[in-house]
Amino acid sequence: LEAILLVGGKGTRLHPLTLTTPKPMLKVAGVPFIAHQIGYAKAHGITRIIVASSYKSDQFSQFLGDGSAFGVEVRYAIEREPLGTGGAIAHAGALLESDASEPIAVLNGDVLSAHDISAQLQVHREQSADVTLHLIEVPDARAYGSVPTDSSGRITAFVEKSERPPTRFINAGCYLFTRKIIDQIPHGQVISVEREIFPELLAKGRRLWSYSSTSYWLDIGTPAALLKASTDLASGK
């Protein structure tokens, strides 16, 4: 299984820490956060990772090299200018080796998660989905993009931050794309996968499915969350 790891953001909520270091390279429980993500991906059968970077990209290649020290193959898709999540996926897609019908994992570089990618992959294959999103339930979805589904788990809409979200299930930032869908994203354009690609796929009647879980999940994008991630990892939570 191949994966695209999105690490191109500037991490402005973590200033001044990210003025010199990209967010996924900040240390969590003693090592750069990206090391936890690589180990997690490997544990779920991912053997080849395309690191999609832009901001201070040289730090990733210096730390990860070709991936052999981590037991995976690592390649790099470096954007000269940030292309947004959708543009970054399209740019990294040029380095994929999987067939058009094969699933590709897309992971956000600032999420600490314990959900079962293998189980998500099973749902993706069983439903012949074009894209399968990991969803988690939160007490208050107003600060997030909420993702309503029908009774079978098929995604019916994407609702950006709203005072009256239709569901408490939100996009948790781990996607499985069938390769051919990635190949259809325009290259060299700034595109948001959450705000543009997913709604456009829904409008075209494509099969967008959900995999919901109650497992551990944390966005490490603030100083408090970064500290919590270290504590939770060190304690085994």
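Modeller: The terms are set by cut-offs: buried is under 20% relative accessible area, exposed is over 50%, and partly exposed lies in between, with a 1.4 Å probe and protein chains only. The model is predicted, so local features need pLDDT of at least 70 and side-chain atom pairs count only at pLDDT 80 or more, while totals for chains, interfaces and linings use all residues. Residues are numbered from 1 along each chain as its sequence is written, and side-chain values use heavy atoms, with hydrogens and water left out.

The partner of D140 is R142, and the closest N and O atoms of this salt bridge are 2.7 Å apart. R142 is also partly exposed, at 40% relative accessibility. A salt bridge here is a side-chain nitrogen of Lys or Arg within 4 Å of a carboxyl oxygen of Asp or Glu. By that rule the model has 15 salt bridges. Side chains of opposite charge can pair when their charged atoms come close.

Another pair is D110 and K23, joined at 3.0 Å from N to O. This pair links distant parts of the chain, 87 residues apart: D110 is in the loop between strand 6 (103–108) and strand 7 (111–113), and K23 in the loop between strand 1 (2–6) and strand 2 (27–28). Helices (H or I, at least four residues) and strands (E, at least two) are DSSP runs numbered from the N terminus. D110 is buried, at 18% relative accessible area, and K23 is buried as well, at 11%.

R125 and E102 form a further salt bridge, with 3.9 Å between the closest N and O atoms. R125 belongs to helix 4 (residues 117–126) and E102 to the loop between helix 3 and strand 6, so the pair ties together parts 23 residues apart in sequence. E102 is partly exposed, with a relative accessible area of 34%. There is also a network of salt bridges linking E2, R48, E73, R75 and E97.

Strand 8 (residues 131–137) runs parallel to strand 10 and is joined to it by six bridges; two strands pair if DSSP finds at least two bridges between them. T132 stands opposite W209 in strand 10.
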